[in-house]
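Thank you for making time for this one.

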Amino acid sequence: MNDSCYHCGSPVNKSNRVQAKIKDNVQDFCCAGCASVCQTIHDAGLDAFYNQQTASLLPAVDLEYPLEFYDSAVFQQPFLEASDLGTKTITLISDTIHCAACVWLIERAVGALDGVVWVRANLTDKRIRVRWVDDQVELSIIMKKMADLGYAAMPYEQNVAEAKQQQKNKEMLYRIGFSAFTMMNLLWISVAMYTGASGGKYHQYFQWLGFALATPTLFYAGYPFLKNAYIGIKNRFMNMDVPISIGALTTYFYSVYVLFGFSSRGEVYFDTVVNFIFVILIGRYLEASGKKSALSASSSLQQLQPKIALVKLGNTEQLKPISAIAVGDVVVLKPGERIAVDGRVLLGSTETDESLLSGESFPVSKKIGDEVFAGTLNIHGSVEIEVTKSFRQTALSQIVDLVENTKMNKSKIVCTIDKIIPYFVWTTLLLATLTFVYWYPKDFDLALLSATSVLIITCPCAFGLATPMSIAVASGAAAKKKILIKNGDALEVLSKVKHVVFDKTGTLTLGEFKVSGLESKIDRAEFLSIMASIEKHSEHPLAKAIVDYAGAKNTLAVKNFNAIPGEGVVAKIGSKQYRLGNLNYLVSHGASENSDLSDNANALEKQGHTCIWCADENKVLGFISLSDEVKSDAKAVVNELHRMGKTVTMLSGDSKQVAQTVAKHLGIKNVIAQVLPSDKANHIKTLQKNGLVLMVGDGINDAPALVQADSSIAIGSGADVSVGSADVVVLKNTLTPIIEVIKLSKNTQNTIKQNIAFALFYNALMVPLAMMAKVTPLFAAIVMPISSLIVIGNAARLRAKK
């Protein structure tokens, strides 16, 4: 048995190896990522497309295969994301993205293709998300366009992407090691030359030795720069490798010019070429490492997704990669394992740790019929579960997708910077030319080196990373606290909100209603049976509490059930029609009010109880009172918002007395009660006249208000993280994360401003110094990557801020 994957070389062991068929029916052990694609290709009879030399089984790396393959369902199905009707969305990754100019080119060129809805490239993790209309453009055309641009991509899959990145890191380390070796030897030669050998008989010998060391360094270690520069020029686009390559090639060929005797007074600068290639390679390697470290919070979420699971096949069990597990499969789960898929318990019982999704650390018991979720931990007990969702539809995948999609969002600042980036290279070339022209009459060598320094030192990467890096780190840090930021703009808006509006039920309160009393003018058992039978057809939390209280006894046949949002329900039992809801709704439809019942209900509502009334076609029959507990941290959160200078308002569909009782307890002065869900948005509009508004709701009946608000937070749950109307989803039933995300927003905005200010300062200081011949090419090569590392390091501080 091999101890590494047959295809990508990543380590495999008993827990993650999968036996998969490969070309010519040979079998070997693979990592889960390669095995899933390999098995798919084999099952489809497409072994001819397999090529072990590609370092993975995804053939989009070099487009060596027929374009039709990329348009096939076999290739696309494992990677497509949920999209609107008629469109497809896929996440790709290209390891040749390394500067903001690359991002601009990809988005501009691919976005110009007919049928492409949008394209978003991310400098922080080198991913590209593309959405296209399937009957207007094919994926193969998009892939070919990117390959022609020099950004050959492959569908993003964590295992394969990590293996590919490891391979690229090895290649870069080889180039760094080679350039380090030549640099050290050239340094000895430089020492000899500067200490007197330049005038001796070994002068030319040392120059030829420098040539012998610099030539392979330039064309091997510097190959990535030269290749990307060639592709940029070929596509009539100047990426940041163009000035670097021009600087390196100009210095090298001028040194060759001197070496071959075409100039009697010039000097060779082979050591300069080698030195700044080595330093730039080191800088890019450190930059990539810095990004990976800064984004560790979001990447750690992906690590919670197991790569394989034990699937029951008749009387046998087989390890399968999660991408090959289908809905309906039966997965065997053993004690201590992390659950790989969303499913339903078929056999056995256990307890799971669902803190990943709910934020609650106590174990949750699971028996036959209960749901379990991917990424959660099976504490004890061996169970069999039936898969109910594909691995891309699980709750954990939704969480990861929300975090990843936030990185792709383009804020207004990013859009502005994106427009500036393309002019950076042309400006750099212009400034370098002016520098050379200015110094040339005085000293050719000085003019050459100064122009080269300008070419190297001008860097838009600090600009390009300033905002997306901060947003990516912030969204990852928030995700670790069970706060999912769906819209990157929320990190800008939340820091500026003036008004915070809360829904009451399920937001300020737990939403876990309990029946606290019952008063009726008819037989109590009959009254409860009528209400429970009708409420059984409603999905409202109040209805559920009444049904649970009544139990399964004496259920009556109900017909013509109809719900009126914000008011109540109407239905028939036998030949008689009943209405349930608030008292005003019942009275407005002809039911006569009972003063004794009304007085008792008013007294209960002053204590914070909610009353659900019932009436027949003529009169009010009675009511059931329910109590709901205010969240333990609600008062502290409201007080903190007041301290921060925010105006706090409570919107509620409940009665005025109940709403005012809760508001008084929490210290909220602005209360708007008995509001229909459809009218909540109008109240938000009114508040927006005096500043930005944040709406906080439970995402069930607050959608119009959440959409209308400038920013919105939904108090969701781990099993339903895709609350569509909200910018931020909190996966805890507490309110403290609201304060945390507002503070995170302020810290993020401060970090972005600091990064942009630094990028401006860096270019404003270093470029003039280079033009004044105060900066050498080597120093420029050292400083340029450091500017990006400072931006990355500053963004990474967001993880530590409270």
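Predicted model: local features only at pLDDT ≥ 70, side-chain atom pairs only at ≥ 80, totals over all residues.

The expected span here is 1.5 Å times one less than the number of residues, and helices (H or I, at least four residues) and strands (E, at least two) are DSSP runs numbered from the N terminus. Residues are numbered from 1 along each chain as its sequence is written, and side-chain values use heavy atoms, with hydrogens and water left out.

How many of the 14 residues of H15 are buried? Twelve of them are, which leaves the helix mostly covered, where buried means under 20% relative accessible area, exposed means over 50%, and partly exposed lies in between, with a 1.4 Å probe and protein chains only. Among the buried residues of H15 are Asp 445, Leu 448, Thr 452 and Ile 457. At the start of this helix, a side-chain oxygen of Asp 443 comes to within 2.9 Å of the backbone nitrogen of Asp 445.

Phe 444, by contrast, is partly exposed, with a relative accessible area of 21%.

That brings me to the aromatic rings, of which the structure holds 15 pairs; rings of Phe, Tyr and Trp (its six-membered ring) pair if their centres lie within 6.5 Å, and planes under 30 degrees apart count as stacked, over 60 as edge-to-face and the rest as tilted. The rings of Tyr 252 and Phe 253 have centres 5.1 Å apart and planes at 75°, so this pair is edge-to-face. Tyr 252 is buried at 4% relative accessibility, whereas Phe 253 is partly exposed at 47%. Tyr 254 and Phe 444 form a tilted pair, 4.7 Å from centre to centre with 45° between the planes. This pair links distant parts of the chain, with Tyr 254 in helix H8 (residues 241-259) and Phe 444 in helix H15 (residues 444-457), 190 residues apart. Tyr 254 is itself buried, with a relative accessible area of 10%. One aromatic cluster includes Trp 208, Phe 219, Tyr 252 and Phe 253.

Now to a loop elsewhere in the chain. Where is Asp 616 placed? Asp 616 sits in the loop between strand E23 (610-615) and strand E24 (620-627), and with a relative accessible area of 7% this residue is buried. Leaving aside residues up to four places away in sequence, Asp 616 touches Lys 576, Gln 577, Tyr 578 and Leu 621, a contact being heavy atoms within 4.5 Å.

Finally, the whole protein. Its secondary structure comes to 28 helices and 29 strands, and 54% of its 802 residues count as buried. Of the contacts with a separation of 6 or more, 67% are between residues 24 or more positions apart.

Definitions and conventions:
Polar contact = N/O pair within 3.5 Å; in protein donor to acceptor, adjacent residues only side chain to side chain.
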